[in-house]
Amino acid sequence: MADATKLAVKSEPKAAAPAPSTVRPTPFESLRSEVDRVFDAFNLGAWRLPFSRHGLELEMPWSRSGSWDLTPAVDVAEKPTNYEITAELPGMDEKDIEVKLSNGTLTIKGEKKEETEQRHKDYYVSERRYGSFQRSFPVPEGVDAAHIEASFAKGVLKVTLPKTADAQRNDKKIAIKAA
């Protein structure tokens, strides 16, 4: 990672905590979120009608064919001295990525733009694709917010959240006893 580019981590002053009723989603909101996540994980591509006139396949309006799956794959790991969040962002530049810490939540935002042109003797094709994503993570207790770092190299964003000295000392392995 010698050629990694350092990214600025924006930090906002901590605001008053919202009322507990607004922090927890209702059971139905949680269920809907989980069902949406499961369907998104399948990424089934285009839904097509089983038959059509003249052999044409009609694409359903909610089809994802040709669209970008902009929700990046993210790994979160806890190490003895820090937490690491690694996000795969292929084809993106560091200028299109923002890492922000606000009210105990780390947010990674990005916007991807692509424009292509093909000029041939018989035709001209111009395509533009735009999309954005946002992922948020609650920051655990014991993180030194002033020393959070982010780097970006070869399409991989790595955010390091160092633990405070107290948090490192409080880590304790618990033995499991056989019954």
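1. Two strands count as paired if DSSP finds at least two bridges between them. Helices (H or I, at least four residues) and strands (E, at least two) are DSSP runs, numbered from the N terminus. On that basis, S6 and strand S7 (residues 124–138) pair in the antiparallel sense over 15 bridges. The link from S6 to S7 is a hairpin through four residues.

2. On provenance: this is a predicted model, in which local features need pLDDT of at least 70 and side-chain atom pairs count only at pLDDT 80 or more, while totals for chains, interfaces and linings use all residues. Residues are numbered from 1 along each chain as its sequence is written, and side-chain values use heavy atoms, with hydrogens and water left out.

3. Overall make-up. The chain contains three helices and nine strands, and along the sequence they follow the pattern β-β-α-α-β-β-β-β-β-β-β-α. Of the 179 residues in the chain, 20% are buried; buried means under 20% relative accessible area, exposed over 50%, and partly exposed in between (1.4 Å probe, protein chains only). Among contacts with a separation of 6 or more, 55% are between residues 24 or more positions apart, where contact means heavy atoms within 4.5 Å.

4. The four-stranded sheet. Strands in the order S2-S5-S6-S7 form an open sheet with mixed pairing. Strand S2 (9–11) and S7 stand at the edges with a single partner strand each, so one side of each is left without a neighbour in the sheet. From one strand to the next, the twist averages 20°; the axes behind this value are lines fitted to C-alpha atoms (for helices over the stretch in contact), and angles run from 0 to 180 degrees between N-to-C directions. As background, strands of a sheet pair through backbone hydrogen bonds, either parallel or antiparallel.

5. Gly-110 stands opposite Phe-133 in S7. Glu-115 has Arg-128 as its bridge partner in S7, and Thr-116 has Glu-127.

6. S5 and S6. Strand S5 (residues 97–102) pairs with strand S6 (residues 105–119) in the antiparallel sense, over six bridges. Val-99 is opposite Ile-108 in S6. The hairpin of S5 and S6 has two residues between the strands, and Asn-103 there takes a positive phi near 50°.

7. Gly-104. This residue is in the loop between S5 and S6. Gly-104 counts as partly exposed, at 29% relative accessibility. Not counting residues up to four places away in sequence, Gly-104 touches Phe-137, Pro-138 and Val-139. Gly-104 and Pro-138 are 34 residues apart in sequence, and the C-alpha to C-alpha distance is 6.1 Å.

8. Thr-107. The Thr-107 side chain makes a polar contact with the side chain of Ser-136 (3.2 Å). A polar contact is a pair of N or O atoms within 3.5 Å; within protein, one must be able to donate a hydrogen and the other to accept it, and residues adjacent in sequence count only if both atoms are side-chain atoms. Leaving aside neighbours within four places in sequence, Thr-107 is in contact with Glu-98, Val-99 and Lys-100, and also with Gln-134, Arg-135 and Ser-136.

9. The five-stranded sheet. This open sheet has the order S1-S8-S9-S4-S3 and antiparallel pairing. Its edges are strand S1 (5–7) and strand S3 (74–78), each with a single partner strand, so one side of each lacks a neighbour in the sheet. Neighbouring strands here are turned by 20° against each other on average, direction ignored. S3 and strand S4 (residues 82–88) run antiparallel and are joined by five bridges.

10. Tyr-83 and ring interactions. In S4, Tyr-83 stands opposite Glu-78. The charged end of Lys-163 sits over the Tyr-83 ring, 5.1 Å from its centre; the criterion is NZ of Lys or CZ of Arg within 6 Å of the ring centre and within 35 degrees of the ring normal. A search of the whole structure for aromatic pairs finds zero. For that search, rings of Phe, Tyr and Trp (its six-membered ring) pair if their centres lie within 6.5 Å, with planes under 30 degrees apart counted as stacked, over 60 as edge-to-face and the rest as tilted.
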